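Subject: Structure for your review

Dear colleague,

Please find the structure below, together with its sequence. I would be grateful if you could read the notes that accompany it.

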Amino acid sequence: MKRILSIKIILCLFLLALTNNKTYSQKGYEPGFIITNQNDTLFGSIRDRVISNFNSKIYPKIKFKKKGKRRHKKYSPNMINGYTVSNRNYVSLNVEAESVFFKTTYTVNNSQKKNRFVRRVRNGYLSYYHMEYIDEDNDTIEFEDFFKKQNSNKLVRVTQGVFGLKRKKLIAYFSDCPELQSKLKNKEVKTPMEVMNYYNNWISHNSK
């Protein structure tokens with residue numbers, strides 16, 4: 001009787017191991033879709049990162065499994081216009097950084113090959129982006145945030161860690177909107193979304 005019970009336990013553990021292995025092999029893929037360079041939408045599942053306690057990664061190329069297919073295909077930023085996975089939206093951009101006297105400026109060069117996926121948190125005349133990266137000290141995914149106007153290739157940093165909004169940079173960036181400059185100076189707007197909402201509403205009102 002004990003021998004039969006032992007065999008049953010071993011069989012259960014074996015089946016559990018197979019199930020766990022299958023679950024682990026699918027781990028990291030989430031429902032989503034990609035937008036091709038021809039603006040076609042392909043649905044499936046996407047893996048764009050690894051989250052762990054010791055070795056988190058953000059892939060420079062995403063892994064995409066088309067709906068109904070088992071094998072994945074890798075896509076670089078230059079191969080697609082962007083993708084959406086779960087509730088995160090990414091666009092493909094060519095971001096160039098130039099440092100002069102310890103100050104770095106960022107621009108989007110549309111004439112060059114797209115070199116990275118950038119998370120688009122909110123889209124509008126003024127859009128809000130996160131450039132994600134791995135913090136090697138904590139092995140966590142962090143980000144630098146940027147605003148970009150629709151008619152400009154310039155990106156401007158929005159916040160600086162615990163210090164909040166980079167008010168001096170933003171005041172200079174919104175030279176076309178004195179009302180927002182005043183609110184930034186007087187600390188009447190305190191979050192990126194407040195800045196973005198005010199500016200987009202101002203643009204909408206003044207474009208009529």
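Predicted model: local features only at pLDDT ≥ 70, side-chain atom pairs only at ≥ 80, totals over all residues.

Residues are numbered from 1 along each chain as its sequence is written, and side-chain values use heavy atoms, with hydrogens and water left out.

The second largest pocket holds about 210 Å³ of space. A pocket here is an open set of points on a 1 Å grid over the protein atoms alone, where a 1.4 Å probe fits, with protein on both sides within 12 Å along at least five of seven lines; lining residues have an atom within 4 Å of a point. Grid points are joined across faces, edges and corners, and the volume is the space filled by probe spheres set on the points. Strand S8 (103-108), strand S12 (154-157) and helix H2 (167-173) each contribute at least two lining residues; helices (H or I, at least four residues) and strands (E, at least two) are DSSP runs, numbered from the N terminus. Among the lining residues are Lys103, Tyr106, Arg157, Lys168 and Tyr173. By class, the lining comprises five nonpolar, two polar and five charged residues.

The largest nonpolar core has 18 residues, of which Phe147, Phe174, Leu180, Leu184, Val195 and Tyr199 touch the most other members. Such a core is a set of buried Ala, Val, Leu, Ile, Met, Phe, Trp, Tyr and Cys residues joined through side-chain atoms within 4.5 Å. Strand S10 (126-135), H2, helix H3 (178-185) and helix H4 (192-206) each give two or more residues to this core, and H4 provides the largest share, five residues.

Ser127 is located in strand S10 and is buried, with a relative accessible area of 3%; buried means under 20% with a 1.4 Å probe, protein chains only. A polar atom of the Ser127 side chain lies 3.1 Å from the backbone oxygen of Gly124. Leaving aside neighbours within four places in sequence, Ser127 is in contact (heavy atoms within 4.5 Å) with Arg122, Phe146, Phe147, Lys148 and Met196.

Thr36 belongs to strand S1 (residues 30-36) and is also buried, at 12% relative accessible area. Its C-alpha atom is separated by 4.5 Å from that of Ile80, 44 residues apart along the chain.

Yours sincerely

Definitions and conventions: Nonpolar A, V, L, I, M, F, W, Y, C, P; charged D, E, K, R; others polar. Buried < 20%, exposed > 50% of the residue type's maximum accessible area, 1.4 Å probe, protein only. Polar contact = N/O pair within 3.5 Å; in protein donor to acceptor, adjacent residues only side chain to side chain.
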